[in-house]
Amino acid sequence: MFVPRSKKAAPRNEPLLRRSPVISVVDDDASIRAATDSLLRARGYAVSTFPSAADFLRSRQLDETSCVITDVRMPDMSGVELQTHVRNQGRSTPFIFITAFPEESARLRALHDGAVCFLSKPFDAPTLIRCVEAALAAGDATTR
């Protein structure tokens, strides 16, 4: 049975298709990537995971990412170095840092460069979700 589409147009100020924000998780620990992926997907976010900063930077998701959640300590390029690299490319993507080794110098550098949150492992799910919501709100403010 054929059902004709409505001829009524969507209001101009509302998008026809609202996409879920893409959260990119960059962590060399597979269990952290999997747990974070599961938590965020359960909340309705689109998630991409990467085992290294280099993998994220080479990905097509770089331009689609609304927020990055990254470990501080990773081989080759740290999360803080990743944030600096992304900023040097002229991107204002919000960053959330997670770490098992909370060093004050890394925390201060990340926050100075605009990190939304800096969490010590283990962290609880509600705290991470609050950070993601704050990061997405901060990202929306920079794109207006």
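**A parallel sheet and the helices around it**

In strand E2, the bridge partner of Val26 is Phe50. Helices and strands here are DSSP runs, numbered from the N terminus (H or I, at least four residues, for a helix; E, at least two, for a strand). The chain gets from E1 to E2 by way of helix H1, and this β-α-β crossover is right-handed. Right-handed means that, with the strands pointing away from the viewer, the path from the first strand over the helix to the second runs clockwise.

This is a predicted model, so a few ground rules apply: local features need pLDDT of at least 70, side-chain atom pairs count only at pLDDT 80 or more, and totals for chains, interfaces and linings use all residues. Residues are numbered from 1 along each chain as its sequence is written, and side-chain values use heavy atoms, with hydrogens and water left out.

Back to E1. It is joined to E2 by 5 bridges, with the two running parallel, and 5 bridges also join it to E3, again in parallel. On the E3 side, Val26 has Thr70 as its bridge partner, while Ile23 is partnered by Cys67. Strands count as paired if DSSP finds at least two bridges between them. As for burial, 5 of the 5 residues of E1 are buried, so the strand is largely enclosed by the rest of the structure. Buried here means under 20% relative accessible area, exposed over 50%, and partly exposed in between (1.4 Å probe, protein chains only). Val22, Ser24 and Val26 point one way from E1, and Ile23 and Val25 point the other way.

Zooming out, the open sheet has 5 strands in the order E2-E1-E3-E4-E5, with parallel pairing. E2 (46–50) and E5 (117–120) sit at the edges with a single partner strand each, so one side of each has no neighbour in the sheet. On average, neighbouring strands are turned by 20° against each other, direction ignored. Helix H1 (residues 30–42) lies across E1, E2, E3 and E4, and runs at about 175° to E2. Axes are lines fitted to C-alpha atoms, for helices over the stretch in contact, and angles run from 0 to 180 degrees between N-to-C directions.

Then there is helix H3 (residues 79–88), whose buried residues are Gly79, Val80, Leu82, Gln83 and Val86. They cover an arc of only 155° around the axis, which puts them on the same side of H3; the arc is that of the directions from the helix axis to the C-beta atoms. Their cover includes E1, H2, E3, E4 and H4, where contact means heavy atoms within 4.5 Å. Just after H3, Gly90 takes a positive phi of about 85°.
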